[in-house]
Amino acid sequence: MTIAKIIELVGSSDEGWEDAARNALTGAHKTLHGISGIEVVGWTASVEDGEITRYRATVKVAFRVD
């Protein structure tokens, strides 16, 4: 039987939302093993002078529990 845990993380990027989601996954991969998928649950951004300056993606990461 396999058991999975799901955690919520926020990744950020100067380039775009897809890169922010990828950064969240890359960061999670450094300390978690058995990642089986992510779900993007939200997009946000920082704005200065009417321009987006930082993209953020909130993701749920599923990984196997040993």
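Helices (H or I, at least four residues) and strands (E, at least two) are DSSP runs, numbered from the N terminus. By that rule, aspartate 49 sits in the loop between β2 (35-48) and β3 (51-65). This is a predicted model, in which local features need pLDDT of at least 70 and side-chain atom pairs count only at pLDDT 80 or more, while totals for chains, interfaces and linings use all residues. Residues are numbered from 1 along each chain as its sequence is written, and side-chain values use heavy atoms, with hydrogens and water left out.

**Overall layout**

The chain has 1 helix and 3 strands, in the order β-α-β-β along the sequence. Its C-alpha trace spans about 50 × 20 × 15 Å along the principal axes. Contact is taken as heavy atoms within 4.5 Å. Of the contacts between residues at least 6 apart in sequence, 62% join residues at least 24 apart.

Accessible areas come from the Shrake-Rupley method with a 1.4 Å probe, and for residues only the protein chains shown count as cover. The chain exposes about 4,600 Å², and carbon and sulfur atoms supply 50% of this area. A residue is called buried under 20% relative accessible area, exposed over 50%, and partly exposed in between (1.4 Å probe, protein chains only). Of the 66 residues, 24% are buried.

**Strand pairing**

Two strands pair if DSSP finds at least two bridges between them. β3 has antiparallel pairings with β1 (residues 3-13), through 11 bridges, and with β2, through 12 bridges.

β2 and β3 form a hairpin with 2 residues between them. Aspartate 49 lies in that turn and has a positive phi of about 50°, in a residue other than glycine. Aspartate 49 counts as exposed because its relative accessible area is 81%.

**Core**

A nonpolar core is a set of buried Ala, Val, Leu, Ile, Met, Phe, Trp, Tyr and Cys residues joined through side-chain atoms within 4.5 Å. The largest one has 9 residues: Ala20, Ala21, Ala24, Ala28, Leu32, Ala57, Val59, Val61 and Phe63. The elements that give two or more residues to this core are α1 and β3. In soluble globular proteins, nonpolar side chains tend to be buried together.

Valine 61, one of the core residues, is in contact with Lys5, Ile6, Ile7, Leu9, Ala28, Ile35, Gly37 and Ile38, leaving aside neighbours within four places in sequence. Threonine 58 is also in strand β3. Beyond residues up to four places away in sequence, threonine 58 touches Glu8, Leu9, Val10, Glu39, Val40, Val41 and Gly42.

**Nonpolar surface patch**

Patches are made of residues with over 30% relative accessible area and no salt bridge; like charges are joined within 9 Å, and nonpolar side chains (Val, Leu, Ile, Met, Phe, Trp, Tyr) within 5 Å. A salt bridge is a side-chain nitrogen of Lys or Arg within 4 Å of a carboxyl oxygen of Asp or Glu. Here Trp17, Leu25, Ile38, Val40, Trp43, Val47 and Ile52 form a nonpolar patch with about 590 Å² of accessible area together. α1 (17-31) and β2 each supply at least two of the patch residues, and β2 gives the largest share, 4 residues.

Isoleucine 52 lies in strand β3, whereas valine 40 lies in strand β2. Leaving aside neighbours within four places in sequence, valine 40 is in contact with Ala21, Thr58 and Val59. Valine 40 and glycine 11 are 29 residues apart in sequence and 10 Å apart in space, C-alpha to C-alpha.

**Accessibility of selected residues**

| Residue | Relative accessible area | Class |
|---|---|---|
| Threonine 58 | 17% | buried |
| Valine 40 | 34% | partly exposed |
| Isoleucine 52 | 37% | partly exposed |
| Methionine 1 | 97% | exposed |

Methionine 1 is in the segment before β1.
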